[in-house]
Amino acid sequence: MTYLAKPKLLRTDAPKNSLGYTRRDYEGAISTLCAGCGHDSISAAIVQACFDLDIEPHRVAKLSGIGCSSKTPDYFLGASHGFNTTHGRMPSVLTGAALANRDLTYMGISGDGDSASIGIGQFAHAMRRGVNMTYIVENIGVYGLTKGQFSATADKGSKSKRGVVNNDTPIDLVALALQLGASYVARSFSGDKEQLIPLIKGALRHRGPAFIDVISPCVTFNNHAGSTKSYDYVREHNDAVNRLDFILPRDQINATYAPGELRRIVQHDGSILHLRKLDSDYDPSDRVGAMNHLQERHALGEIVTGLLYVDSSAEDLHRHLNTVEKPLNQLGDAYLCPGSKALDALNASLR
Amino acid sequence: MKPIHSTNDFVIKFANVNGSGSASANEMFARAIMRMGVPVAPRNIFPSNIQGMPTWYEMRVSAAGWLGRRGGCDLMVAMNPQTWDRDIAEIEPGGYLFYDSTKAQPRSRFREDITVLGIPLTEICNREYTDARQRQLFKNIMYVGALTALLGMDFSVVEKLIADQYRGKDKLIDANVNALKLGYEHAMQNLSCPIGLRVERADGVGKQIFINGNNACGLGAVYGGATVAGWYPITPSTSVIEAFGSYCRKYRTDPDNGMARYAIVQAEDELASIGMVIGAAWNGARAFTATSGPGISLMQEFFGLAYFAEVPVVVFNVQRGGPSTGMPTRTQQSDLIACAYASHGDTKHVLLFPEDPYECFTLGAQAFDLADRLQTPVFVLLDLDIGMNDRLCQPFDWDDQRRYDRGKVMTAEQLEAGKNFGRYLDVDGDGIPWRTIPGTHPTKGAFFSRGTTRNAYAKYSEAGTDYVYNMERLRRKFETAKKMVPAPVLKPASQATRFGAIHYGSTSPAMAEASALLEAQGIHVDTLRVRGFPFADEVIDFINDHDVVFVVEQNESGQLRMLLLTEGEIDPKKLVRVLHYDGTPITARFIAGRIGDALSEHKVTPIRKQVAS
C-alpha cells in the first residue's frame, strides 16, 4: 500500500549528485501498480532525470488527474508537494499553480483516458497557453482502474483482451500537441529508458510546454496479441527518428559523432540537446514536417519516437502575461494593496 | 386627471433599442440628478442581445433615499416603437410621456390620462447632422437636454458632466454640449417647462459614491490581495473580471518595469477557470473566479476537491435567472443551495451576501482572509441587480494598518524547529489544520494533496476511522466559520413585536422601505439581514425570539428558508415565504403587500401576552 514508506537506504556508498542527494532522495512511496507496469519504469526515469539534473526535490510540484498514471506521482519525488486533482483537469490546476510561483518546476502526469478523453479540452488549452511544464502522458490505450475499456488513443482495429475490436479513430496526442503550440514534443516507450531519461531531462529544462507521450503497455489489460500497445508490438514497430543526449552546460562533451550525424540545440538555460539522427531526413525544428512524418508512419503501423519537435526560443505564459519576476505567491501586502489614499481618490471619481 | 406633482420623488423609465448608445446618455442623466444632491437608483433591464432588441433604463429618484425598485413609472421616455404600447400602458395615471414626435401618431396611440410631451428629435438630428451614427448618438444627448428643461434641472450640472466625461477631448465636449443645448432649448421654447415632476437641489447624497457591484467586487479582489484570476465570460459576472483587470493595471503595475503583479487568464470554460484558481491557491497565491449560475453548475466537482483538499478559493457568483439565455439578463437569488452544498459527497460552503457595492468591496476583500483562515472555498453571492447597476452607497474605506490574514501557513523556520506537521491534523481544536506552501522546505512539510482518501498526515488511507476523523474535523471547522462570517444586521421595529423578517443581499433597500410602509400601517416587523452562511447564532436566536418570521427572497423555492430549516432545525411553520422571482428586482410595495396580506389572512393580529393575575 502506498502509505507504507520505503525503508531509508542504509548504503553509505550510494552515489550523490552535486547537491549531496542520493537517488533515494528522489524516490517516493512504494508503488501499488501491477507488477511489471510500465508506469513504474517511467517513475524510475523521472527519478533518474531529476537526480542527474541536480533538481532540488522540494522545488518541484507534481500534479496529476485520475487514473493509474495519475497515482504515480506518489511513487516518485516524495519530498515534493503533489496534487492528485480531478479526472482530466490536471492541466488547469497546474496552470494556476504555475501562475502562482514561476520559480518551481512543474510536472504534470496524466494518462490517455485523463488527457485524450475527459481532459482533451484542458490538455489542448494548456498547450496553447504555453504553460511552462513537463507534461507526461503514460499512454496505455485502455482504462486500467476500471478494467480494460478502450481509451481514445487505442488504434483502430486493435483488439481488447476480451476480443472486442476498436472501430474509433485514435487520437494522437503528439499530433495535437504539435498543432496546438507545445514547444517540446517527444514520444517514447516505457521499456526504453535509454531513450526516455534524456527526453525527460530535456523537457524539464525546456521553457514552455514540453509534452512527452510515453507508450506504456498495460500488463494486465493491454499486453496481448492484437493490441498495438503491447510490449511486443511497440518493440517491433518503434521507429525512432533520433537519439537524444542531454548535456548540462557544466558538463564536458566527451562523445564523438560522425559528421552530419549530429544536431546540436541550445536551450534558453544553456543546456544542450545533442540529437543523433537515426532518420537522415528528419528535422526536429520543422513542425509541419513532424506532423507529416507522424501521419505517414502511423499509416504504416509504425510508432514514431524520439524528440519530434523543439523550439528552444519559445516564450511561456508568464512572458505573455508580463508578470513580475518575483513569484506572485511571495508578493507582500505592500505590493498588493493600494491602500486608503488610492481609495480616497477613487471615491472622489465616483461622485 | 390631474398631472402628478412631485419633487425629487418619482420614477422615470427610458424605453430604448439596445445598441443605440442610449445607456451612456441615460447613465449621465442619472449622474446629473445625483450631482444635484438627490438620491437616484437606476436599473438596467436589458435583453440577451447586442443590437436591436428592447432595453429599459428605470430610474428611481428618491429624496428619502429609497434605492429599491419602486415599480410603476411617472415619466416614460418612449424611444422604442417596438414596445410603444406596453410602455404607454405602464405610465401611472396622471403621469407623463416624452416621445419623438417626428412622425405623427394617431390619437388612439396615446392615453387621455397622461401628459404628452413630444419633441421632433429625429427631425432636429437629421437637420443638424449628416453622419448616421452621430444622428443616433446625439439624439440620446438631445433628449437628456430636453429632460433637463422639463424637470427644471440645472443645465450647468449636465454640461459639467459632459466636460468631465470627455476630459481632454474638446471636440467631443463641444459636440455633446451642442446637442444637449438643442434639446434643452427646444423644450424650453415649445413645451411648458418645468412639468409637475421636478428635481431640485438637495443634500441627500453627501459623501456617497455611485458604482456598480461588479466593479466593487473587482476592486475588493485587488484590495483583498488576489493575484490570480481564472475566468470564463458569462453574463452578468463578466465585468467583475474586467474591473479587476482595469484596477490591476492601475494599481498593480510595477512602477519600475511596467510588469504585472497579477495574472488573469481567460480559460476555455468554467471547469478550467476554477481549476486554475485551485492550483494557484494551493500554491499560496490568493486566487478567485467570477461566474454565474451555469458556471457554478460546471464547477461542482472542483468545489468538492477544494473543500476536501482544503484549498482557499474565492468565487464571486453574480446570480441571475437560468438556464440558457434570456432570464440570465434578469436578476435572481437562486443559487444559494447550489453553492451552500456544492459538489458530491458531504460538503458545505461558506457564503457571503453583500447588500450593495460597498459590501461587494468589503466582503469581497474579506472573503480572501476568510478563505485563507478557513482553508476552504468562500462564495460571495451577489446578483445582477447589485452587480450590473450603478448604486449609491457609502464610500469605500480601508484601514492601512490591516494586514492580510494568510491563516495557518507553516513556515520553513517552524518546520526546521520541529513543529509537528500533519496536513489534516486538528492541532488547535478549531478544525483548521496547518498547511505548507510547495517549495517551503527541502525535507519537511511536503505532502500529497488528494480528496478524502488520506489520514491526518495526508498519507493514502482508505480506513473508515481516518475518514470519520476528517469529516468530524471539517464539521468543527464549519462551526469555527460561524463566528468568522460577518454578523447579521438587526433593524428593530419602532416597538416590540412578535413578527420578524429575514432577508439578504440586494433585497436590502426594498426591505428597509417596506418596513417603513408597514410601520405607517401600524404593522411592526423586526428585520434581520443575514450576511453569511453558516448562520451565526444571532440568526437562529432571532427566529426563536419571534412567533412568525417572514423570509424574503428573490427565488421561487425559498432557498434561504431551506437552509435555515435544515441548519437551524427550525419548525417549518414558523418561517413564512415571501418570494419574488419574475426577474425584476423585488420592490417595497411587493414585500409590504405580502407581509400585510399574510398577517391579515392568518389573522395573526398582535396579541398581548396574557399576564397572570
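This is a predicted model. Between chain B and chain A, 28 residue pairs are in polar contact, both residues of each pair being at pLDDT 80 or more. On chain B, the elements that give two or more residues to the side touching chain A are α1 (22-35), β9 (209-212), α7 (213-223), α8 (238-251), β11 (263-266), α9 (270-282), α11 (300-309) and β17 (448-449). The largest share of that side, eight residues, comes from α9(B).

**Where the two chains meet**

- How many residues of chain B are in contact with chain A? There are 71 of them, and they touch 57 residues of chain A.
- The size of an interface is often given as the accessible area lost when the parts come together.
- Here, the area buried between chain B and chain A is about 5400 Å². Carbon and sulfur atoms give 63% of this area.
- The side of chain B that touches chain A is made up of 40 nonpolar, 16 polar and 15 charged residues.
- Two salt bridges are counted between chain B and chain A. One salt bridge between the chains joins the side chains of R450(B) and D74(A), at 2.7 Å from N to O.

**A residue to look up: M276(B)**

- You can find M276(B) in helix α9 of chain B, the element that gives the largest share of the side touching chain A.
- Is M276(B) buried or exposed? M276(B) counts as buried because its relative accessibility is 0%.
- Leaving aside neighbours within four places in sequence, M276(B) is in contact with residues of both chains. In chain A these are S92(A), V93(A), T95(A), G96(A) and R129(A). In chain B they are G230(B), V265(B), A267(B) and E268(B).
- M276(B) and V228(B) are 48 residues apart along the chain, and their C-alpha atoms are separated by 8.3 Å.

- Some of the contacts of M276(B), including S92(A) and V93(A), are among the buried residues of α3(A).
- Eleven of the eleven residues of helix α3 of chain A (residues 90-100) are buried, so this helix is largely enclosed by the rest of the structure.

- Nine strands form an open sheet with mixed pairing. Their order is β7(A)-β11(A)-β5(A)-β6(A)-β4(A)-β3(A)-β1(A)-β2(A)-β17(B).
- Which strands stand at the edges? They are β7 (238-240) of chain A and β17 of chain B; each has a single partner strand, so one side of each is left without a neighbour in the sheet.
- The chains join in this sheet where strand β2 (residues 81-84) of chain A pairs with β17(B) in the parallel sense, over two bridges. There, G82(A) has F448(B) as its bridge partner.
- Elsewhere in the sheet, strand β4 (residues 133-139) of chain A runs parallel to strand β6 (residues 209-215) of chain A, and seven bridges join them. I136(A) has I212(A) in β6(A) as its bridge partner.

**Salt bridges, buried and exposed**

- Over all chains, the count comes to 50 salt bridges.
- E112(B) and R107(B) form one of them, with their closest N and O atoms 3.3 Å apart. E112(B) counts as exposed at 64% relative accessibility, and R107(B) is exposed with a relative accessible area of 64%.
- D164(B) and R167(B) meet in a salt bridge at 3.4 Å, N to O. D164(B) is partly exposed at 22%, whereas R167(B) is exposed at 63%.
- R286(B) and D372(B) form a salt bridge whose closest N and O atoms are 2.8 Å apart. R286(B) lies in the loop between α9 and β12 (287-291) of chain B and D372(B) in helix α13 (residues 357-374), so the pair ties together parts that are 86 residues apart in sequence.
- R286(B) is buried, with a relative accessible area of 4%, and D372(B) is buried too, at 3%.
- Salt bridges that share partners join R286(B), D369(B), D372(B), R402(B), R406(B) and R435(B) into one network.

Terms used
Residues are numbered from 1 along each chain as its sequence is written. Chains are lettered from A and ligands numbered from 1 in the order in which they are written. This is a predicted model: local features need pLDDT of at least 70, side-chain atom pairs count only at pLDDT 80 or more; totals for chains, interfaces and linings use all residues. Side-chain values use heavy atoms; hydrogens and water are left out. Contact means heavy atoms within 4.5 Å. Buried area is the accessible area (1.4 Å probe) that two parts lose on being put together, summed over both. A salt bridge is a side-chain nitrogen of Lys or Arg within 4 Å of a carboxyl oxygen of Asp or Glu. A polar contact is a pair of N or O atoms within 3.5 Å; within protein, one must be able to donate a hydrogen and the other to accept it, and residues adjacent in sequence count only if both atoms are side-chain atoms. Helices (H or I, at least four residues) and strands (E, at least two) are DSSP runs, numbered from the N terminus. Ala, Val, Leu, Ile, Met, Phe, Trp, Tyr, Cys and Pro count as nonpolar, Asp, Glu, Lys and Arg as charged, and the others, Gly among them, as polar. Two strands pair if DSSP finds at least two bridges between them. Buried means under 20% relative accessible area, exposed over 50%, partly exposed in between (1.4 Å probe, protein chains only).
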